[in-house]
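Welcome! Here is a short tour for anyone meeting this structure for the first time. Please have a look at the model below before reading on.

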Amino acid sequence: MDKFRMIFQFLQSNQESFMTGICGIMALASAQLYSAFDFNCPCLPHYNLAYGLGILLVPPFILFLLGFVLNNNVSMLAEEWRRPQGQRGKDPAVLRYMFCSMAQRAMIAPAVWVSVTLLDGKCITCAFCTSVPVETLGNISHASLSKGEIKRILARIPCKEIYDGQELMTNEVAVRYLRCISQALGWCFVLLMTMLAFLVRSLRPCFTQAAFLKSRYWSHYIDIERKLFDETCTEHARSFAKVCIQQFFEGMSTDLVATRCHLTRKASVDAGEATEKLLGITDRGTMNTALKSWHRCKPPLHLHPPALPSGNGWAGEGQPPAHTPTPRRETAAYYSGV
């Protein structure tokens with residue numbers, strides 16, 4: 001249990017690196033999932049487009065939501081967004097920074113899925129096989145075929161084993177044409193995502209450095225404050241339970257009096273230490289009131305630090321140092337000795 005506790009504490013202290021690793025694992029898992037996915041195009045005019053675009057867009061949306069679900073900061077963001085104003089204002093810039101940070105990590109796996117899907121070309125081939133230009137790539141001598149029959153034949157292009165339109169257009173030509181377009185779109189998407197990531201990660205702090213530092217600082221503060229509050233509540237609950245259990249056993253049957261007389265001192269010492277950690281909150285109603293007060297009216301972010309010494313470059317610069325008068329009794333004793 002101690003090893004698992006140490007691992008859990010390490011993950012909590014390195015949550016940002018841990019979430020980045022989780023997003024990377026999800027990206028690799030999405031690529032592996034696509035390679036193991038059995039793609040079966042229906043090869044029907046009215047279903048190919050829906051099936052192809054569904055495989056291209058629905059799994060990335062699911063992976064995007066999973067990226068938010070696996071991020072522990074989602075609940076913190078929702079809590080900060082929905083909490084009452086109280087004595088502490090809410091900065092929309094901090095909320096935007098927190099949401100953008102989570103969205104950037106959550107978009108890694110969907111971007112990998114879309115890139116792999118476009119570079120493979122099967123989805124585009126299935127979705128847009130009925131839009132292949134027959135006049136350019138096929139044989140237009142079959143004027144007797146209606147548009148419905150041509151679409152029915154072209155819809156079977158992804159299904160090589162049942163394709164029966166070789167006289168209209170060869171299967172290999174249509175597949176190469178659609179796969180070429182799909183791969184071009186895939187590389188354009190990769191380039192677009194790379195440039196967007198570069199702009200977000202590199203250029204944003206250069207233009208709004210002060211606002212960026214402020215938002216990042218207060219987002220870290222909200223995260224640390226929540227962790228410390230949870231740790232304090234856990235410690236209080238442990239002390240509360242310890243005192244309750246000790247009081248329960250002290251009020252047991254009189255049969256335990258003989259054995260309790262040897263442990264009274266140690267039990268009272270332990271109970272005293274636990275009672276000190278309760279910070280005066282010793283009943284359920286008071287604790288519930290304190291928790292409600294923390295949610296409704298968090299303390300203002302205005303501390304009262306001790307006065308800084310003058311002349312240190314922080315406060316009191318340019319003011320003469322305060323003169324400390326010599327006590328009269330010490331001065332009189334000094335002159336009397338002389």
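The end C-alpha atoms of residues 184–203 lie 27 Å apart, and this span is 100% helix and 0% strand. Helices here are DSSP runs of H or I with at least four residues, strands are runs of E with at least two, and both are numbered from the N terminus. Before going further, note that this is a predicted model, in which local features need pLDDT of at least 70 and side-chain atom pairs count only at pLDDT 80 or more, while totals for chains, interfaces and linings use all residues. Residues are numbered from 1 along each chain as its sequence is written, and side-chain values use heavy atoms, leaving out hydrogens and water.

The unreviewed UniProt entry annotates residues 20–37, 49–70 and 184–203 as "transmembrane region"; such annotations may be inferred rather than shown by experiment. Residues 49–70 are 95% helix and 0% strand, with end C-alpha atoms 32 Å apart.

A nonpolar surface patch is made up of V58, F61, I62, L65, L66, V69 and L70, which together have about 650 Å² of accessible area. Patch members have over 30% relative accessible area and no salt bridge, and nonpolar side chains (Val, Leu, Ile, Met, Phe, Trp, Tyr) are joined within 5 Å. The areas come from the Shrake-Rupley method with a 1.4 Å probe. One of the patch residues, V69, sits in helix α3 (residues 48–69) and is exposed, at 62% relative accessible area. Exposed means over 50%, buried under 20%, and partly exposed in between.

Now for the charged pairs. Side chains of opposite charge can pair when their charged atoms come close. A salt bridge is counted when a side-chain nitrogen of Lys or Arg is within 4 Å of a carboxyl oxygen of Asp or Glu, and the count comes to eight. Three of them are listed here:

| Salt bridge | Closest N to O distance |
|---|---|
| R83 and E80 | 3.0 Å |
| K214 and D91 | 3.7 Å |

What does the pair K214 and D91 tie together? K214 lies in helix α11 (residues 209–250) and D91 in the loop between α4 (73–82) and α5 (92–106), so the pair links parts 123 residues apart in sequence. K214 is partly exposed at 40% relative accessible area, and D91 is partly exposed at 30%.

K227 and D223 are four residues apart in helix α11, separated by about one helical turn. K227 is partly exposed, at 28% relative accessibility, whereas D223 is buried, at 16%. R83 and E80 are both buried.

Conventions:
Patch = residues over 30% accessible without salt bridge, like charges linked within 9 Å, V, L, I, M, F, W, Y side chains within 5 Å. Buried < 20%, exposed > 50% of the residue type's maximum accessible area, 1.4 Å probe, protein only.
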